[in-house]
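Hi everyone, thanks for making time for this. I'd like to walk you through a structure, so let's get it up on the screen.

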Amino acid sequence: METTATPTHCPYCALQCGMNVTPLPQGGVEVTERPDFPVNRGALCGKGRTAAQVLSPAARLTSPLVRSGGRLVAAGWDEALDRIAGALSSARARGGPDAVGVFGGGGLTNEKAYGLGKFARVVLGTSQIDYNGRFCMSSAAAAGTKAFGLDRGLPFPLEDIPRTGCVILVGSNLAETMPPSLRFFGELRDNGGTLIVVDPRRTRTAEQADLHLAPRPGTDLALALGLLHLVVAEGRTDEEYIRERTAGWEEARAAAMAHWPEHVERITGVPVPRLRQAVRMFCEPRAAMVLTARGPEQQSKGTDTVGAWINLCLATGRAGRPLSGYGCLTGQGNGQGGREHGQKADQLPGYRKLDDPAARRHVAGVWGVDPDSLPGPGRSAYELLDALGTDIRALLLMGSNPVVSAPRAAHVEERLRSLDFLAVCDVVRSETAELADVVLPVTQWAEETGTTTSLEGRVLLRRRAVAPPPGIRSDLEVLRALAARLGVAKGFPADPEEVFEELRRASAGGPADYSGITYRRLAEENGVFWPCPEPPADSAPVSHPAHTDADADGDHGANGADRTHSTGHTHDADRTHSTDGTHDAGGASAPAGGPTRAPGAVHPGTPRLFLDRFATDDGRARFAAVAHRASAEEPDAEYPLLLTTGRVVSQYQSGAQTRRVAELNAAAPGPFVELHPRLAARLGAAEGDPLAVVSRRGRAVAPARITAAIRPDTVFMPFHWPGEGRANTLTNPALDPTSKMPEFKTCAVRVEPLGAQE
């Protein structure tokens with residue numbers, strides 16, 4: 001047996017940590033450190049270290065399953081594929097193309113996400129496609145697009161964080177969700193910078209902070225507006241930057257001034273002196289960042305909330321400058337790439353808009369179809385799940401487990417059961433797979449080659465390191481086989497590199513332009529940051545990225561930079577979007593001192609965005625004129641407490657994979673209800689006592705975990721488990737009007753000691 005180590009990437013979070021995978025002579029697979037990858041420098045969390053255990057046949061599906069006599073039984077591939085194709089055809093014949101739905105996942109590779117979107121629109125002709133990434137980063141994506149004209153999770157590499165002056169980390173417990181990233185924030189503090197953490201709980205991450213702000217769940221918008229009010233009142237705005245690089249300030253300022261500090265304290269519970277301290281810490285250094293995660297984003301006002309935090313950056317001149325900016329900490333393994341290439345309801349590859357005629361023409365040309373044949377935008381993720389069994393009669397689902405992960409999960413489970421037909425492609429027999437009519441076993445991360453895009457916007461190559469067990473096929477092979485059975489014999493290759501070459505053409509000229517990226521480059525360069533266009537052969541010399549803006553030690557540091565923003569506006573104003581001098585239409589001179597590339601030379605990629613101009617039509621960032629509003633569901637006499645949800649370090653998302661790893665289960669064996677000692681005393685609850693948490697949507701039961709690290713008016717539950725402890729039985733599907741993000745992070749509940757129910 002070949003025992004060579006293969007350099008690849010972790011299957012879990014959006015850090016996409018580098019690792020080596022080696023098949024062992026005696027059987028099994030070993031995961032070891034890979035120090036050459038700059039994001040984790042060899043460090044791995046427990047999930048990454050144990051990732052190979054899910055490759056074991058004992059932990060995963062090894063044969064197609066079909067429902068017979070009410071049970072799932074083993075079947076051959078032809079029978080399973082024929083059943084799926086027949087059911088999809090029947091649903092279309094009875095109800096039209098939109099009677100068939102497709103639901104994808106943020107863990108699918110770029111090639112799979114691209115292929116799934118193409119399959120839905122070209123083969124099925126349905127508009128009803130979305131994916132579980134809608135539940136993760138959609139509010140940040142919507143706010144970033146509104147403000148900057150472009151959504152990429154981080155507009156700078158993680159390596160910039162240690163050299164800024166201050167970071168406000170809003171609603172992220174990265175010490176548990178992505179532990180290897182915590183070292184960047186430790187280095188920030190070692191270098192004299194400061195960390196502010198905003199979280200209702202005193203998490204492991206908050207314990208590392210110089211300042212912890214603990215707002216009431218659902219009030220992050222008021223908190224951001226209150227901080228901006230103080231920035232204005234204390235004369236800390238950057239008027240020159242606002243004048244030269246932004247639009248919409250007067251309206252945004254007026255909205256913020258309605259949120260005076262004492263009013264914000266009453267809404268959030270954060271004392272005024274701590275608000276003033278946060279403003280001072282953020283504004284005194286020459287560079288600073290705001291990073292958001294699911295806390296402020298998973299709200300029915302998530303887009304406005306993120307917009308308010310972006311406003312704080314813009315008002316102080318901390319966006320589009322070296323070592324400064326707003327960024328979103330994307331969660332899922334390919335959460336960034338998964339939202340760029342066509343599995344979203346309103347999107348075509350390259351982050352193009354589905355309702356844009358020019359985008360439709362371009363992508364249809366690559367696909368060899370009539371632009372008018374492409375369906376329009378469809379329902380968002382929760383709206384799609386809610387329509388199952390009514391308008392949508394059959395569903396093809398890849399790489400998602402909504403029975404555990406969707407809001408109002410008991411209702412979603414009921415809708416899945418009401419379908420005429422459900423097909424699931426997965427590596428494990430998940431709770432959603434248990435409801436399926438056909439389950440297909442597919443390859444996973446170490447058994448296939450493909451690309452992902454990390455939270456930095458760095459496109460990476462995951463390499464096949466081991467062969468899958470006999471009888472396992474890839475998702476791309478599944479799409480090819482189904483397309484052929486449904487009458488489309490060509491256009492769905494199973495080779496991932498061939499799919500990526502088509503993706504390059506489809507993305508060319510779009511906001512997320514991958515056309516200059518190849519598998520060879522990804523292997524040789526340890527990843528490439530998008531946008532990375534393929535330059536025309538006769539292009540004039542243009543600039544490389546202005547790495548010197550943030551890479552040179554000393555000259556542009558957070559506490560000693562003389563230059564306040566990137567080199568002058570030396571590039572064409574009509575280029576499609578702004579980068580750090582890398583995406584010109586041609587003919588522009590390089591910045592002073594910047595290197596140039598020869599005509600037709602390879603584009604180097606874009607680690608840092610917006611240093612010249614933003615990706616809006618006029619190059620200016622847009623303020624958001626927003627005001628605080630209540631959450632969709634506030635406490636009352638019947639439901640007097642707030643529930644917030646999140647993750648623990650040893651489990652991941654719905655737990656479908658991590659719950660199959662003994663070491664991880666030993667560390668995090670099941671759900672719990674975290675509550676404050678004062679609340680526990682009022683309820684008469686002791687540590688470990690079973691508690692019922694009840695919302696308007698259902699009831700979950702889990703043992704008490706009593707800690708002063710949470711607010712007395714709030715309880716917390718992790719969402720990784722099914723059954724009676726399923727936290728998402730309780731959560732509220734109220735949607736953000738722009739992003740269609742459900743309000744996972746706050747809902748009204750009551751807590752009952754279980755003994756009181758007996």
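Predicted model: local features only at pLDDT ≥ 70, side-chain atom pairs only at ≥ 80, totals over all residues.

R134 and D130 give us another buried pair. They also form a salt bridge, and here the closest N and O atoms are 2.8 Å apart. There is a network as well: E159, D160, R163 and R608 are joined by salt bridges that share partners.

How many salt bridges does a search of the whole structure find? The count is 47. One I'd like to show you is between the side chains of D420 and R94, at 3.3 Å from N to O. D420 sits in the loop between α18 and β17, while R94 belongs to helix α2, so this pair ties together parts that are 326 residues apart in sequence. As for accessibility, D420 has a relative value of 39%, so it counts as partly exposed. R94 comes in at 57%, so that one counts as exposed.

Now, the sheet. This is an open sheet of 7 strands with mixed pairing, and the order is β5-β4-β18-β17-β16-β6-β7. Which strands are at the edges? They are β5, residues 71-74, and β7, residues 129-131, each pairing on one side only. From one strand to the next, the twist averages 20 degrees.

Let's zoom in on β16, residues 394-398: it runs parallel to β17, and 5 bridges join the two. In one of the pairings, A394 has F421 in β17 as its bridge partner.

Two helices to point out here. Helix α2 packs on the sheet and touches β4, β6, β16, β17 and β18, with its direction at about 130 degrees to that of β18. Helix α19, residues 475-485, also packs on the sheet, touching β16, β17 and β18, and its direction makes about 150 degrees with that of β16.

Last topic: the cores. The largest nonpolar core has 82 residues, and F119, L291, L440 and V478 have the most contacts inside it. Helix α2 gives the most to this core, with 8 residues. Setting aside sequence neighbours within four places, L291 is in contact with several residues, including L154, F156, F185 and L329. There's also a second, separate core of 80 residues, with A143, V198, V279 and I310 among them.

How values were computed:
Residues numbered from 1 in each chain as written. Heavy atoms only, no water. Core = buried A, V, L, I, M, F, W, Y, C linked by side-chain atoms within 4.5 Å. Buried < 20%, exposed > 50% of the residue type's maximum accessible area, 1.4 Å probe, protein only. Helix = DSSP H or I, 4+ residues; strand = E, 2+ residues; numbered from the N terminus. Contact = heavy atoms within 4.5 Å. Salt bridge = Lys/Arg side-chain N within 4 Å of Asp/Glu carboxyl O. Pairing = 2+ DSSP bridges. Axes fitted to C-alpha atoms, helices over the stretch in contact; angles between N-to-C directions.
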